[in-house]
Amino acid sequence: MKKILITGGGGYIGSMLTTELLRLGNEVTVIDALKYDKGSLDHLFYEKKFKFINGDIKNFELMKKIAEKNEFIIPLAALVGAPLCQKNKKEAVIVNYESITNLLQNLKTKQKLIYLTTNSGYGVGEKNKFCNENSILKPISLYGQTKCDAENEVKRFKNTISFRLATVFGASYRMRSDLLVNNFVQRAVNENLIDVYEPNFRRNFIHIRDVVKAIIFSIKNFNKLKSEVYNLGLSSANITKIELAKKIKKQLKNLKIKTIKNKADPDKRDYFVSNAKIESKGFVAKITLDQGIRELIQVFKNNKKKIINNY
Ligand SMILES: NC(=O)c1ccc[n+]([C@@H]2O[C@H](COP(=O)([O-])OP(=O)(O)OC[C@H]3O[C@@H](n4cnc5c(N)ncnc54)[C@H](O)[C@@H]3O)[C@@H](O)[C@H]2O)c1
């Protein structure tokens, strides 16, 4: 049993992670302002080992008090995504960067921190080349910049692990439909049409349950993994946007795919990523895109409740 603090534990990744950590018998504290789905943790409040604080991580004094009681700290609270950060520039820097430096400054010798950042720091990758952890980071949005800056701070501390995540897909207690796979499947189900900008842009993906498994793996194998940064994605899911759309069409035969030729996508991410480093330590993501697409088709067909995205 570990004592674990998760900031943003009510979010897309956090609500799935908190659920699994509690199921495994850990004592979990979540601080979250529940900005989007207010009910994402409802199924957990009856658990004795679950403590919830409806609060703001910008309250650094409060954070210091909460953090010191836990062995593991997993800071997920953030303004997530390029458009949201662009709209709230000052807050993005405080929440995504300063809150992390604050946690690090107060970290005690025995405490451990596991940080999730985006691999969008790779920006636009080189042709026919996979980005690895040594590739130069050149984020193309304020979101990417704040996450890379925070990762740089995290790297200075030994008792830390950073994961650079591929775009996550799959169902969660707090659903997001702005993420690429989730978004394509939602449009396929609701409109029977996906229009694809920049169809040959390369992207990589990972199922949300594999993200949760990787974090649990890193808690269990902390000493083996610590003081390093790892890419975290599904190695068979380095594909272009048009290939993704075609995968969805395999399961929704009547789907129409329209490629938009002369319009630029504001999201310029275009790269393949190698996961060899984390795989060599013993963690391999396994849940396929086909499996996730099947899951998402059901979610969007059955559940017509409004999803509150970040922007
Ligand atoms: N989902 C992805 O594809 C992905 C990829 C790479 C990295 N990440 C990282 O994983 C983390 C979680 O992402 P997510 O997809 O679950 O996003 P999310 O937006 O669903 O979750 C963020 C949570 O943080 C909370 N929050 C935001 N500001 C807060 C504040 N000031 N005080 C308290 N709570 C606050 C929100 O209420 C929300 O529940 C983020 O750090 C993100 O950068 C996500």
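In this predicted model, the axes of helix α1 (residues 12-23) and helix α7 (residues 208-220) come within 10 Å and cross at roughly 55 degrees, and α1 and α7 are therefore oblique to each other. Axes here are lines fitted to C-alpha atoms, for helices over the stretch in contact, with angles running from 0 to 180 degrees between N-to-C directions; angles under 35 degrees count as roughly parallel, over 145 as roughly antiparallel, 65 to 115 as roughly perpendicular and the rest as oblique. Helices (H or I, at least four residues) and strands (E, at least two) are DSSP runs, numbered from the N terminus. At this contact (heavy atoms within 4.5 Å), residues of α1 including Tyr 12, Met 16 and Glu 20 meet residues of α7 including Arg 209, Val 212 and Ile 219.

Seven strands form an open sheet with parallel pairing, in the order β3-β2-β1-β4-β5-β7-β11, where two strands pair if DSSP finds at least two bridges between them. The edge strands, each pairing on one side only, are β3 (50-53) and β11 (228-232), and the twist averages 20 degrees from one strand to the next. Strand β7 (residues 160-165) runs parallel to β11 and is joined to β11 by five bridges; Ile 161 has Glu 228 in β11 as its bridge partner. Helix α4 (residues 89-105) lies across β4 (72-75), β5 (112-118) and β7, running at about 165 degrees to β5.

Residues are numbered from 1 along each chain as its sequence is written, and side-chain values use heavy atoms, with hydrogens and water left out. Because the model is predicted, local features need pLDDT of at least 70 and side-chain atom pairs count only at pLDDT 80 or more, whereas totals for chains, interfaces and linings use all residues.
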